[in-house]
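Trainee: Before we look at any single feature, could you take me through how each kind is read, and then through the case at hand?
Mentor: Gladly; let us go feature by feature.

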Amino acid sequence: MHFNYRWVATVVLLGGLLFQSLANAQAVTDPLTTWVNSGAYAYNRLERLSAVANQATYNNLLNTCGNLQAPSGACPAATFRVFKITEELVHSANELLGSGPTQYSLRVDAEGLGFDLRWTAAEELSAPGSASTEFANTQIASVISRITALRFGAANDSFAVTDAPARGGSAGDDAGGLLANRLGVYLNSGYGYGKRHPTELEDAFAFDGKNFTLGADYRFTPRLVFGGMIGHDNQRIDFDSTQSVVAGNIKATGTGLTLYGMYEWEGPYVDLALGWQRLSIDSLRDITYPSFNTTVESVSARATGKTHSTNTVGTFDFGWPINIEAFGIDPDLRVEYRHIAIDGFGENSFYTGGTRTGQPAGYGFTYGDQSVKSLEAAVGIKLRYVLRPSFGVVIPYVKAEFHHKFDANPFTVSATYDGLNSGSASFDLPSDPQTKNFKTYSGGFSMVLPHGWQVFAQYQGTSGISYLSHHIVSGGIRGEF
């Protein structure tokens, strides 16, 4: 039998060409995810998640928007803008892979494509959870400061007059004049500030906030007090573009109502507080990345949005102050619960530079509802000392607390490009896990003046929270009537 080597070689050659063709076709399929997972460059988790969502969005729109130069009935303007964004990213990946169409490639290198994927990810919208949590924390701090004033302010006011040491926490039985001033009215204010360091999932930002609290309480018996407070808070988060691929800010304004009560025995005490808060949140994201393709314009756009959060906060505190003449040791155990619900919302986006300035852009997102729950316990100890100058009573103190979160799981921000239907591919971007164990420390003084007036000032800081530093300076004044 004659064996035709030429025929065998032809078959092998054709098979090789077919295999190469299939390989190229596979390389072109899902080029964004293929490239970021190829190991050619060390893309982080956020960039890979963005690649998956952008690629899926492109795939969903390809049949209706592919090969179009302008919107159509099947591919309306909002959808067409989104398709062109994802098309540029896909073509950029094609160019890096060396296969597939590259007409609309941005001509960026591997690192540049990673930056572009971050610009389109909208991970900034995990920050409203931080703003809402911060508002809840300020209201809890206001309750704690007021209850501290009730336990020690009135008591020390009485022994400043009688010059007798207080028994237990309230000295309710030591001062017959205590019930003469049943009503207390107070005004507190505070300024908080801090920074968040960047991670692969969340951006770096600096934040600050101012809060004011007006409240009143009534002492029904020497041991039982009920009261309420209204708080107002203004916060601002500024993203740090020198540390993260991000630009923009988030502003939040809110009002909260808190009801509280306290009961004291000869030594121990318990207090309970329940608060409700409503926060209005305005977001601004700048999206800026270059194109080195003369037929594709660089991107300079802005997306703005507005939403609300509703916070429910509850605290329970048990303590047992110990007085040794002028010196005091106050251990306590507190449990805090927070439930923060952020409403879903949509962004508007427009170009801020280039020939398209002022025109609608496709970079806005529609966000789903967010829910952040937290159950936390804190064990603390306060050291204080009573000074008795001629004008009243001054109580300097320092305090340290150890906190434990029972649920430190991350939450997820889900979003789709604005203008697409609800079944479109979504960006499911998780936050970083919360720190389970951390510490707070504080120091300050409380001053009791004649006629039931009191002022206080305090500094509080945190230690051990991953990626976050936080400081609060607060003060207030109260009067009894």
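Trainee: How much space lies in the largest pocket?
Mentor: Rolling a probe the size of a water molecule over the atoms shows where empty space is left. In this predicted model, the largest pocket holds about 350 Å³ of space. On a 1 Å grid over the protein atoms alone, a pocket is an open set of points where a 1.4 Å probe fits, with protein on both sides within 12 Å along at least five of seven lines, and lining residues have an atom within 4 Å of a point; the volume is the space filled by probe spheres set on the points, which are joined across faces, edges and corners.

Trainee: Which residues are closest to the centre of the largest pocket?
Mentor: Of the 18 lining residues, Phe80, Lys84, Glu88, Tyr351 and Arg356 are the closest to its centre. The lining divides into 10 nonpolar, 3 polar and 5 charged residues, where Ala, Val, Leu, Ile, Met, Phe, Trp, Tyr, Cys and Pro count as nonpolar, Asp, Glu, Lys and Arg as charged, and the others, Gly among them, as polar. Helix H4 (residues 77–97) gives the largest share of that lining, 6 residues; helices (H or I, at least four residues) and strands (E, at least two) are DSSP runs, numbered from the N terminus.

Mentor: A word on conventions: residues are numbered from 1 along each chain as its sequence is written. Local features need pLDDT of at least 70 and side-chain atom pairs count only at pLDDT 80 or more, while totals for chains, interfaces and linings use all residues, and side-chain values use heavy atoms, with hydrogens and water left out.

Trainee: Is H4 mostly covered or exposed?
Mentor: H4 is mostly covered, with 15 of its 21 residues buried, that is, under 20% relative accessible area, as against exposed over 50% and partly exposed in between (1.4 Å probe, protein chains only). From its first C-alpha to its last H4 reaches 30 Å, close to the 30 Å expected at 1.5 Å a residue, the expected span being 1.5 Å times one less than the number of residues. Just after H4, Gly98 takes a positive phi of about 80°.

Trainee: With which residue does Lys84 form a salt bridge?
Mentor: Side chains of opposite charge can pair when their charged atoms come close. Lys84 pairs with Glu87, the closest N and O atoms being 2.7 Å apart; a salt bridge is a side-chain nitrogen of Lys or Arg within 4 Å of a carboxyl oxygen of Asp or Glu. An α-helix has 3.6 residues a turn, so residues three or four places apart point the same way. Lys84 and Glu87 both lie in H4, 3 residues apart, about one turn of the helix, and both are buried.

Trainee: How many salt bridges does the structure hold, and which residues are linked in a network?
Mentor: The structure holds 23 salt bridges, and the network links Asp332, Arg334, Glu336, Arg338, Glu376, Lys399, Glu401 and Lys405. Within it, Arg338 meets Glu336 at 2.7 Å, N to O, and Glu376 at 3.3 Å, N to O. The pair of Glu376, in strand S11 (residues 370–385), and Arg338, in strand S8 (residues 327–342), links distant parts of the chain, 38 residues apart. Glu376 counts as buried because its relative accessibility is 3%, and Arg338 is buried with a relative accessible area of 6%.
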